[in-house]
Amino acid sequence: MQQPDLDTSQLSVSLPRSLTRLGLSAKLLLLTVLFVMLAEILIYLPSVANFRRNWLNDRLAAAQVAVLVLEGAPDERLPEESEARLLMGVGARAIAARVGGARRLLSLDSMPPTVARKVDLRDASWITALKEAVEILVAPPHDMPIRVIGEAMGGADFVEIVIDEAPLRRAMLVFSGNILLISLLISVLTAGLVYLALNWMIVGPIRQLAANVMEFEADPENPHRIIQPSRRADEIGEAERALARMQMTLAGELRTKKHLAELGLAVSKVNHDLRNMLASAQLMSDRLVDTRDAKIRRFAPRLIATLGRAIDFCQATLAYGRAAEATPLLREIALRQLVAEQAEMLGLPENRQLSFVNEVPAELIVRCDPDQMARVLLNLMRNSVQALTREGAESEGQPMLTVKAQQLGGSVLLRVTDNGPGVPQRAKANLFQAFRGSVTPGGTGLGLAIAAELVRLHGGTIELEPSETGAVFKVTLPARKQNGN
């Protein structure tokens, strides 16, 4: 089933505004802020754990000073007022140390019977420090104190303090808030710089590319709409150069197609009138059969047949202007006879400038459309005749055109060979393309393009075989089925 043509107006339907509100620059800005914040979060956890450790170490250091004061006091006791000031300065409920195996305690009250947790800073790992820091921030506040143990100075073995956890939690929250503000400031500053850099290096050039594509879409045949690539050596520069090449190629193809469409219309008009004139000439030539001149009566049937073939050729040229050739009407025909008819149409039997050899076996039968295959043979043989008889053409020995054919497996191989100058190298790349693969000066290349299309409709292939002299065109056709196989 034939697919319906795509309505290009559907391509211009705009997306909902919610999908197009954020441009590429805004998305890059938001992603940059998001990534910087994610990096700050990864940095924040070790930072808050280190802040907690330093905060506790500061209290332990103050506690060690208090222990030194305690050691220098008479009877190693201080007045209650002095002990209160020391404990208040440290921010602890109690301070304990072990010096020389003796445990010394500085406390107004007795040590609390239980604590919320024990923190030993002497051998704490980073994983443990991270875990405990998160627990303090996440867990609800409580009234139970914590016990902190750390390394001691001087002759003390260790020092420990009992402090409330609430001041530590408040200090960690303040530190977290400061980190958040600094992170936001860094994120905005970094995102702004990244935004400006990306907008200058990537987004801006991409916008220019998109704008150029839309301008080129509006008028693709205008050469002034082709982008002018910059001198950038990165991927965007490569994209600009590739887009320029594509636009130049597309603009050339569109101009060529437009020219061909206009040319095809003109050719169709000319062929239409030419066909009518040839038909009139054919009607008048019918009267030559009744003439008394024997020579005229002998050549009249050939003239009538030639005019009929010319009319058919005009009709075939008109058919090429359609979207596609007609589907072949396959019949079994003798290929040798078909070759002989085209040779007679070209006047090869009477041509004294070249020799023609028909080496197609008489028993070789092919299944094809005789009219379309006649056009294929006529185009190939006419090209060889033109190459052999063209002024300045060189050939080895007597100019010769040979047509050979053989059945090989499930295919019929047909070769049209001449010993002329061969196909120019410049024409080989586009040999079977209309108006691009001409092998003769001033030619259009239409004959080979028609031949190639007709051969493909038969399920075959056509190619130029390599040869030391002349040109060899090989046509491969499916062989006819025999015995129901």
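1. In this predicted model, five strands form an open sheet whose pairing is mixed, and their order across the sheet is β7-β9-β10-β12-β11. The edge strands are β7, which covers residues 355–359, and β11, which covers residues 461–465, and each of these pairs on one side only. When direction is ignored, neighbouring strands of this sheet are turned against each other by 15 degrees on average.

2. At the β7 edge, the pairing can be followed residue by residue. Strand β7 runs in the parallel sense with strand β9 (residues 400–408), and the two are joined over five bridges. In one of these strands, β7, Ser 355 has Met 400 of β9 as its bridge partner.

3. A pair of helices deserves a separate look. The axes of helix α4 (residues 126–138) and helix α5 (residues 165–218) come within 10 Å and cross at roughly 95 degrees. Because angles of 65 to 115 degrees count as roughly perpendicular, α4 is described as roughly perpendicular to α5. On the α4 side the contact is made by Ala 133, Ile 136 and Leu 137, while α5 contributes Glu 165, Leu 168, Arg 169, Met 172, Leu 173 and Ser 176. Sorted by class, this contact has six nonpolar residues, one polar residue and two charged residues.

4. For the chain as a whole, there are eleven helices and twelve strands. Of its 485 residues, 34% count as buried, and the accessible surface comes to about 29800 Å², of which 58% belongs to carbon and sulfur atoms. Among the contacts with a separation of 6 or more, 68% are accounted for by residues 24 or more positions apart.

Conventions. Residues numbered from 1 in each chain as written. Predicted model: local features only at pLDDT ≥ 70, side-chain atom pairs only at ≥ 80, totals over all residues. Heavy atoms only, no water. Helix = DSSP H or I, 4+ residues; strand = E, 2+ residues; numbered from the N terminus. Buried < 20%, exposed > 50% of the residue type's maximum accessible area, 1.4 Å probe, protein only. Contact = heavy atoms within 4.5 Å. Areas by Shrake-Rupley, 256 points an atom, 1.4 Å probe, with all protein chains shown as cover. Axes fitted to C-alpha atoms, helices over the stretch in contact; angles between N-to-C directions. Parallel < 35°, antiparallel > 145°, perpendicular 65-115°, else oblique. Nonpolar A, V, L, I, M, F, W, Y, C, P; charged D, E, K, R; others polar. Pairing = 2+ DSSP bridges.
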